[in-house]
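Colleague: I have a structure open and would like to go through it with you. Could we begin with the ligand?

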Amino acid sequence: MGAVEYRPGLEGVIATETSISYLDVDHEEIVVRGYNLLDLARQRTYVDVVGLLVHGSLPDERGRAELERQLLAAANVPAELWQILRLLPRQMDAMDRLRTAISALGGWDQAANSADPEQDRASGLRVIAQSATIVANLIRVAEGNEPLLPDDRRSYPENFLWMITGREPSAAEVRAFDQTLIAYSEHELPNSTFAARVIASTLADLYGALTGAVASLKGPLHGGANEAVMEMLLEAGDEEGLERLIRAKLARKERIMGFGHRVYMRRMDPRAQLLKETLAQLVTERGDPEGEKLLRMCQRGEDVMRSEKGLFPNLDYYAAPVYWVLGIPIDLYTPIFFAARTAGLVAHVVEQHAHNRLFRPRVLYTGPRGLKP
Ligand code: ACO
């Protein structure tokens, strides 16, 4: 096969062209359709970013209001979907429930078998809206309770957060939650986006691609890390406890969740810095002693990891305490990641279908040859 270089884990390999996003590590910038993701998070809303990702340009004020109206109008899911979720084993993981729900959702979309980019956009906007409703109700429905259905008098992030917690969020809480959605919305070609594009490259439909992405995102090396971070913070209890726990884990050669990143390597993920600020603002505004303790703990963990391993936090490290302070159940952290990332995933499936080339790499064979059957 000639001298083709083998890179385990496809590290550093360019697998596709894209005009959606790019991690400019040297300039510490996450470029999303020409904008810096952190500028978007600080100055715009998640709904703006949905417009940017799915339609290709940032909406103006009227466009944003219209898109928000469309999303809230599409947020209900078929009643049968709740029945399907009720039939699943009670102990089933929330991400596995979500995977089942996203797969089933295609059954109610006439265009489910399409690989047409325009259809992907239309279906994609519906899934972005519906995934929030599904995610917010995963635990409620698993426990045999009725879902809390969307309230279209609220803004998109307010409705999402309200459906999750069942209580009225403050404006500061809605803003913090919206910033996490933007932080999670798109990030070039992580495992889940690659999985979605690989599936879409067979001209399989959007629902198949998104279902594969949920499966990928569940893993603790990827989206599942935000839940693992919170479990670690709770186990540690306080700053000293976290330092002890991290040192003990490192001595056992265990990985510390929320640290390290394939692309950023030994630099801070810009999204972690953003969500650290979001956490600090939220905690200050609320005068929340538990939140302040979490912030101090995270800083201690960051200091220990920097001096011991030269490793920096990724966004999951700070998303976890933000969600905890917002009163969100831990089992929903990774599902929320998916709901937010649906915007980026839809954009990638549209792009893959519009400029398709089947993904089909080769292997470095290490098995035997010449055996006689
Ligand atoms: N804790 C301890 N050591 C680590 C960590 C960590 N979190 N991350 C990397 N390392 C060490 C490895 O042990 C390895 O050390 P060695 O060279 O002495 O053996 C070195 O850093 C390189 O690690 P790799 O696994 O080769 O790096 P890779 O690019 O494959 O891994 C990954 C990236 C999977 C994210 C890794 O950093 C990790 O496991 N982090 C914890 C899980 C996590 O937070 N995932 C979320 C990522 S962000 C996201 O998906 C949204």
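This is a predicted model: local features need pLDDT of at least 70, side-chain atom pairs count only at pLDDT 80 or more; totals for chains, interfaces and linings use all residues.

Colleague: What is 3.0 Å from a nitrogen atom of the ligand?

Modeller: That is a polar backbone atom of Leu 221.

Colleague: And which residue has a side-chain N or O atom 2.8 Å from an oxygen atom of the ligand?

Modeller: The residue is His 222, whose side chain supplies that N or O atom.

Colleague: How many residues surround the ligand, and which are the closest?

Modeller: There are 20 residues around the ligand. The closest are His 222, Arg 255, Ile 256, Gly 258 and Arg 262.

Colleague: Let us turn to the domains. Where do they run?

Modeller: The domain assignment places domain 1 at 19–168 + 186–217 + 328–353, and domain 2 at 222–324. Their C-alpha centres are 25 Å apart. To the contact between them, domain 1 gives 25 residues and domain 2 gives 21 residues.

Colleague: How much area do domain 1 and domain 2 bury between them?

Modeller: They bury about 2,000 Å², with 62% of it on carbon and sulfur atoms. On the side of domain 1, the residues that lose the most area to domain 2 are Val 25, Ile 330 and Tyr 333, which together make up 31% of what that side buries.

Colleague: Why quote an area at all?

Modeller: The accessible area lost when parts come together is often used to give the size of an interface.

Colleague: How many salt bridges and polar contacts cross the interface?

Modeller: The rule finds 2 salt bridges between domain 1 and domain 2. It also finds 13 residue pairs in polar contact across this interface.

Colleague: Which elements of domain 1 give two or more residues to the side that touches domain 2?

Modeller: They are α1 (37–43), α9 (191–200), α10 (206–217) and α16 (333–354). Of these, α16 gives the most, with 6 residues. By class, this side of domain 1 has 15 nonpolar, 5 polar and 5 charged residues.

Colleague: One last topic, Pro 117. Which helix does Pro 117 lie in?

Modeller: Pro 117 is part of helix α6 (residues 117–142).

Colleague: And how far is Pro 117 from Glu 351, in sequence and in space?

Modeller: The two are 234 residues apart in sequence, while their C-alpha atoms are 7.3 Å apart in space. Leaving aside residues up to four places away in sequence, Pro 117 touches Val 350, His 353 and Ala 354.

How values were computed: Residues are numbered from 1 along each chain as its sequence is written. Side-chain values use heavy atoms; hydrogens and water are left out. Domain bounds come from an automatic or database domain assignment. Contact means heavy atoms within 4.5 Å. Buried area is the accessible area (1.4 Å probe) that two parts lose on being put together, summed over both. A salt bridge is a side-chain nitrogen of Lys or Arg within 4 Å of a carboxyl oxygen of Asp or Glu. A polar contact is a pair of N or O atoms within 3.5 Å; within protein, one must be able to donate a hydrogen and the other to accept it, and residues adjacent in sequence count only if both atoms are side-chain atoms. Helices (H or I, at least four residues) and strands (E, at least two) are DSSP runs, numbered from the N terminus. Ala, Val, Leu, Ile, Met, Phe, Trp, Tyr, Cys and Pro count as nonpolar, Asp, Glu, Lys and Arg as charged, and the others, Gly among them, as polar. A residue is near a molecule or strand if one of its heavy atoms lies within 4 Å of it.
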